[in-house]
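The structure comes first, followed by notes grouped by topic.

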2 protein chains.
Amino acid sequence: MPLKLNSKSADFEKSFTALLNQKRDEDRNVDAVAADILADVRARGDAALLDYTRKFDRLDLEDASKLRVTDAEIKEAVASCDQTTLEALKTAAVRIEDYHRRQLPADQMYQDDAGVSLGYRWTAIENIGLYVPGGRATYPSSVLMNAIPAKVAGASRLVMVVPMPDGDINPMVLAAADLCGVDEIYRIGGAQAVAALAYGTETIAPVDKIVGPGNAYVASAKKQVFGTVGIDMIAGPSEILVVADNLNDPAWIAADLLSQAEHDPVAQSVLITDDEAFGAAVEAAIESHLASLGRAEIARASWQDYGAVITVKEMAEAPKLVDRIAPEHLELCVEDPEGLAAEIRHAGAIFLGRYSPEAIGDYIAGPNHVLPTSRTARFSSGLSTLDFVKRTSLMKLDAASLQKIGPAAIALAESEGLGAHALSVSIRLN
Amino acid sequence: MPLKLNSKSADFEKSFTALLNQKRDEDRNVDAVAADILADVRARGDAALLDYTRKFDRLDLEDASKLRVTDAEIKEAVASCDQTTLEALKTAAVRIEDYHRRQLPADQMYQDDAGVSLGYRWTAIENIGLYVPGGRATYPSSVLMNAIPAKVAGASRLVMVVPMPDGDINPMVLAAADLCGVDEIYRIGGAQAVAALAYGTETIAPVDKIVGPGNAYVASAKKQVFGTVGIDMIAGPSEILVVADNLNDPAWIAADLLSQAEHDPVAQSVLITDDEAFGAAVEAAIESHLASLGRAEIARASWQDYGAVITVKEMAEAPKLVDRIAPEHLELCVEDPEGLAAEIRHAGAIFLGRYSPEAIGDYIAGPNHVLPTSRTARFSSGLSTLDFVKRTSLMKLDAASLQKIGPAAIALAESEGLGAHALSVSIRLN
C-alpha cells in the first residue's frame, strides 16, 4: 500500500518528514571494494581489466586487444536494429542536440571604468568518458543524453565503457553510440571501467571527465577518482512527483506515476492532489494498469513500498511541499501550470500541463533526462552542455590601470602578510 | 635548486613528464579520521562540536550557545581593523561583485517547430556554508571570493565557519564576513565544521552547499558529504606558470614567481622563457628578493623544491607545454599575450601582458581567485556565480505537439521494455 497523507491531519508534518527521510538507497559498504579495484587497475592495467571482466561479467576476453568493440561489431549491431526504433532514436538525437546547442555559454570581455580588461572564455573538456550500464538498466536513450552534450560542447574524444555480461549487449546501445559519434567503445564495466577511464591502461588512454549512471560500485569509484578526473553528479534512485487537480483523467496520472515506478523497485512516485477522491481514483487506475504492464512486478513493488498520495486542502499548499521534496521530475497537471511553477524553487525538471508526461522528457523533448535525485535538486542541476566545458578567467591591465587599482591590492597583501604579493604590484608602479 | 629544463635536451620529454607527475600533496590517510568525526557530529551534534573544538583548537567553549560569534564581537573586530585596509577590502568587494554579477545566467524559453515549449530557469541555492581556514591561511580576501558570488546568486542564508585556535581570529576575516552580509558565523573548523554544515546540529541548521578551502581533513570531509550537500572543487597546493620573453624586467617576473611560492612550501612556481640568460637573470632576482621578504623561508623552500625554469627554442612551443601543465594561474608576459592565449586551452586564469601580476587577480581585479589546481583546469573552472545557482528544465506540450513527437517516444520506450513510459504517452494520443 502506498502511503496516504492528508495535510489536514494532525500528524501530517511528522508523516511528511518521515517520507522525506525515507532511505531508498541500498546501504552496502562498497567503498572498500571499489577502492581495491581502483588500486589494482591502476597498478596492473589491462591485465586487471581482463581479470575483473572474467570475474564479474563472466566474459573471457583472450587479451587486451579484445577489450575494444570493433567497427565491424558496431556495423553489425546497427544493421540488426529495428528501423522504426532507429528513426525514433535519430529524431530524439536531433531534438536533444538542438536543445543543448542553446546551452552553449558565451565568452565575455569588457573594459571597466579603471581601464581594466576583464572577462572569461569557455573551452571544451577534451576527453570524455561515458559510463553506460549493462544488464537491465542499459538504455540507448541514456547514451544520447550523455554523449550529445559532450559533442555539442566540442569534446575531441568520447570514450564509452559498457559491460557485456556473458557477452550480451543491447545493439541499440551501440547504434546510439554510433549515432552520437562516440570514438572508442570498451566492453568493461564496474569500478574497473571507472579506473581505466581515470588512470588509463596500456590500451585505454585516460579521460578528463567521467559521466553516466552506474550501480553502487560505479558511483563509489567515481566519487573516489573525483579530483583526478571530473565527474558528474552521483545519481540515486529515480523519482517523480505529480501535482494534479481533479480535472485530470486519473488513468493518465496513474500511467505517469507508474512510468517512474517501473524503473526500479526503489524508485519513488508521489501524487499531490487537492481532491482525496481523485487520489483514490488514481490509485484504482494504477491497479488497473498494473494488470497489463510488462514490468508490473517492479512497478508494484515501488508503488507499494515507496509510493505516496498526499491530499492538500488547496493547491496553494503544494509549492512548499514540492520544495521540501525537491523532486527529480515534477509534473504540474493543473489549469495554470506556469503560475504554480513560479512558486516552486527546487526541481530537476518541470513538466507543465496535462499533455507533458515525464516520458516525453525521458526520450524526445530535448532537455536532458539526467537529473538530480534524492533531494539534490536543492543544490544541483541536470546534465547540460555546461558540464562539458570549463571557463578560463581573463584579465589585462596596463600601467595606468595598475596605478589605479594596484594600491588596494598592496594594502590587502600586506594585511595578509604576503610580502611578495605586494612586491609584485609595487615593483610595477612608478 | 629549482629544476632546469631545456626543450632542446634529449631528455626534455622525460624531465617534463616527471615535473607533471610530481606529487606535492601530503599523502596522509585522513579519510578514516574524517569519517569518524563526521559520524560523531552527526550522532552527537553540538556536544561533539564542543569536544573537537576543545581538542583540536584548544578552545574551551562553555556550551553550545558560545559556538556562534556574536554581533558585538563582529562590531569590535571591525572597529579594530586598520582603516586603509578596510577601504581596500571595500574596493575589492565592489569590483568582485561587479564581475560576478555579469556571470548571472539568463533563463531561456522558446517554442520549437513542433510546437513544444522548451527552456530552463535558474534559481539560487538557498543555504550556503562557507569554510574559512584558521591559522596561517586565514585570508579575508578568500571570504570575499567565496561569499560574494553566493550573495550575487541570491542565497538566502550564508553560514560561515572558521576555527579559532586558542581563541584567536584575524579581525579582518570577521570584517570581510560582515561586509559580505554573512548571516551566521561559528567558531569551529576541521571535519567537525563540515559535518555541522552538512548534517546540522541543535544550534546550526544544515546548508545545501559547502564551499571554501581547508586542510586535508576538511577536503576529505567535503568529499565524503558530497551528495548530502553540494561542494565546490577540492583545492590542492597553489601554482603559477609565467611565460615571459627577455623584454621583461627579471625582477618583476621574480616577484611574480615568489608571490606564489610564499603561500606554501608545496606551492609551485614555473617559468617558461625562450631565453636561457633571461631565466638565469630571473633566478638571480629571486635570490635578491628573498633577502628582504618576510616569508622568505616558505618561498625559498617552495622555489627550491618545486620551482622550475623551462627554456624553449621559441615561444611557439609554449602553448602545448602550458596545456599539459594546465596551470591554476598563467601569466603571459609577452608582446602579444592575446595571440598566445588563443593557442592555450587549459588554464584557470590567464593574466595578459606585463602589467597584470597574479596578485592583482588574488585581491582586486574582480574574477574569482578560487581556481582549479593540480592540472584540474583540464576539466574544471574557477569558482563563479554559476556555482551558487541550479537550473530547472522546463517543457510544455499540448495535444497537437504531443501528437507530433509522442510516437517516437513510444517507439523508444517500447524498445527499452518500459511499457508504462509508452502508456503514459499513448494514453494521451487519440
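**Site and surroundings**

Gln192(A) is buried, with a relative accessible area of 2%. The model is predicted. Gln192(A) sits in helix α8 (residues 190-199) of chain A, and an unreviewed UniProt entry lists Gln192(A) under "binding site", together with Tyr131(A) and Asn215(A). These positions span 85 residues in sequence, yet no two of their C-alpha atoms are more than 12.5 Å apart, so they gather at one spot.

**Gln192(A)**
- Beyond its neighbours within four places in sequence, Gln192(A) is in contact with Ile37(A), Val41(A), Leu49(A), Tyr52(A) and Phe56(A).
- A polar atom of the Gln192(A) side chain lies 2.9 Å from the backbone oxygen of Gly189(A).

**Tyr131(A)**
- Tyr131(A) belongs to strand β4 (residues 127-131) of chain A and is buried, at 4% relative accessible area.
- Its side chain reaches the backbone nitrogen of Gly190(A) at 2.7 Å.
- Residues touched by Tyr131(A), not counting those up to four places away in sequence, include Val161(A), Gly189(A), Ala193(A), Pro213(A) and Val218(A).

**Cysteines**
- Zero disulfides are found over all chains.
- For Cys180(A), the closest cysteine sulfur is in Cys81(A), 13 Å away and therefore too far for a bond.
- Cys180(B) is likewise in no disulfide, with the sulfur of Cys81(B) nearest at 13 Å.
- Cys180(A) is buried, with a relative accessible area of 9%; Cys180(B) is buried, also with 9%.

**Gln103(B)**
- Gln103(B) lies in the loop between α5 (83-101) and β2 (108-111) of chain B, where it is buried at 8% relative accessible area.
- Leaving aside neighbours within four places in sequence, Gln103(B) contacts Tyr120(A), Arg391(A), Ser384(B), Thr385(B) and Leu386(B).

Technical notes: Residues numbered from 1 in each chain as written. Chains lettered and ligands numbered in written order. Predicted model: local features only at pLDDT ≥ 70, side-chain atom pairs only at ≥ 80, totals over all residues. Heavy atoms only, no water. Helix = DSSP H or I, 4+ residues; strand = E, 2+ residues; numbered from the N terminus. Buried < 20%, exposed > 50% of the residue type's maximum accessible area, 1.4 Å probe, protein only. Contact = heavy atoms within 4.5 Å. Disulfide = S-S within 2.5 Å. UniProt positions renumbered as here; feature names shortened; annotations may be inferred. Polar contact = N/O pair within 3.5 Å; in protein donor to acceptor, adjacent residues only side chain to side chain.
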